[in-house]
Amino acid sequence: TFVRVRFSSGGGGGFRGGGNWATDWPDSDLNFSFRLHELTALETDPNGKILELTDEALFDYPWLYLIEPGRMSLSEAEVAGLRKYLLNGGFLMVDDFWGEYEWDNFYREIKRVFPDREPIELPLEHEIFHLVYDLKMKPQVPSMHFWQNTGLTYERQDAAEVHYRALFDDKGRMMAIICHNTDLGDGWEREGED
């Protein structure tokens, strides 16, 4: 089940005034679930869910998607909920934030969740880039409209280099992948358009 995180703060209009967490929703979530089922034969819930980090139902789902955390400001309850979820076996994918200002803000927030853990840059040789497809480079996906207008794969001058970082638990299990200077969700949302 595709579970999108609704965080309570961070500003921005997002989809229908829903906040940054709602960017690319619902099409990215629907298309991702459909294509995952099609390409892997995994059974997927086509409807997905939107949950808050304080929702006990979070623990019923192994995978969370958190988007546009560049201005996110988590409450203490959200910090505690995310920490508990990840340490109890959950996995988080963070996506669609660009440049140094947004990285610095996200980094401050994730350090509140795990003060003693550091996000580690993943090399291209890491298995996550070779599971379904054998990627030859780390993907950098801009919004479709930005690409059409500029031909660039990055949306800001300080965002030319794509980063995939991960957080690991004490046993070496990846708890989170942090996709910075890329917008994979826009590719899922727009995959049938261009």
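An open sheet of seven strands runs in the order E2-E1-E3-E4-E7-E6-E5, and its pairing is mixed. Its edges are strand E2 (49-51) and strand E5 (120-121), each of which pairs on one side only. Please keep in mind that this is a predicted model.

- Strand E1 (residues 3-5) pairs with strand E3 (residues 63-67) in the parallel sense, over two bridges.
- Within this part of the sheet, Arg 4 stands opposite Tyr 65 in E3.
- Helix H2 packs on the sheet, where H2 touches E3, strand E4 (91-95) and strand E7 (174-180).
- The direction of H2 makes about 125° with that of E4.

**Where H2 meets H3**

- Helix H2 (residues 76-87) also has a helical partner: its axis and that of helix H3 (residues 99-113) come within 8 Å and cross at roughly 70°.
- An angle from 65 to 115 degrees counts as roughly perpendicular, and H2 and H3 are therefore roughly perpendicular to each other.
- The crossing in which H2 passes H3 is right-handed.
- On the H2 side, the residues in contact are Glu 76, Val 79, Leu 82 and Arg 83, and they meet Ile 110, Arg 112 and Val 113 in H3.
- Sorted by class, this contact of H2 with H3 has four nonpolar and three charged residues, with no polar ones.

**Aromatic pairs**

- The count of aromatic pairs comes to 14.
- One of them joins Phe 32 and Trp 188, with 4.4 Å from centre to centre and 50° between the planes, a tilted arrangement.
- This pair links distant parts of the chain: Phe 32 sits in helix H1 (residues 27-40) and Trp 188 in helix H5 (residues 184-190), 156 residues apart.

**Backbone details in two loops**

- Trp 25 and Pro 26 are joined by a cis peptide bond, with omega of about 5°.
- Pro 26 belongs to the loop between E1 and H1.
- Ala 41 is not a glycine, yet its phi is positive, at about 70°.
- The place of Ala 41 is the loop between H1 and E2.

Methods. Residues are numbered from 1 along each chain as its sequence is written. This is a predicted model: local features need pLDDT of at least 70, side-chain atom pairs count only at pLDDT 80 or more; totals for chains, interfaces and linings use all residues. Side-chain values use heavy atoms; hydrogens and water are left out. Axes are lines fitted to C-alpha atoms, for helices over the stretch in contact, and angles run from 0 to 180 degrees between N-to-C directions. Helices (H or I, at least four residues) and strands (E, at least two) are DSSP runs, numbered from the N terminus. Angles under 35 degrees count as roughly parallel, over 145 as roughly antiparallel, 65 to 115 as roughly perpendicular and the rest as oblique. A crossing is left-handed if the near helix is turned anticlockwise from the far one by less than a right angle, and right-handed if clockwise. Contact means heavy atoms within 4.5 Å. Ala, Val, Leu, Ile, Met, Phe, Trp, Tyr, Cys and Pro count as nonpolar, Asp, Glu, Lys and Arg as charged, and the others, Gly among them, as polar. Two strands pair if DSSP finds at least two bridges between them. Rings of Phe, Tyr and Trp (its six-membered ring) pair if their centres lie within 6.5 Å; planes under 30 degrees apart count as stacked, over 60 as edge-to-face and the rest as tilted.
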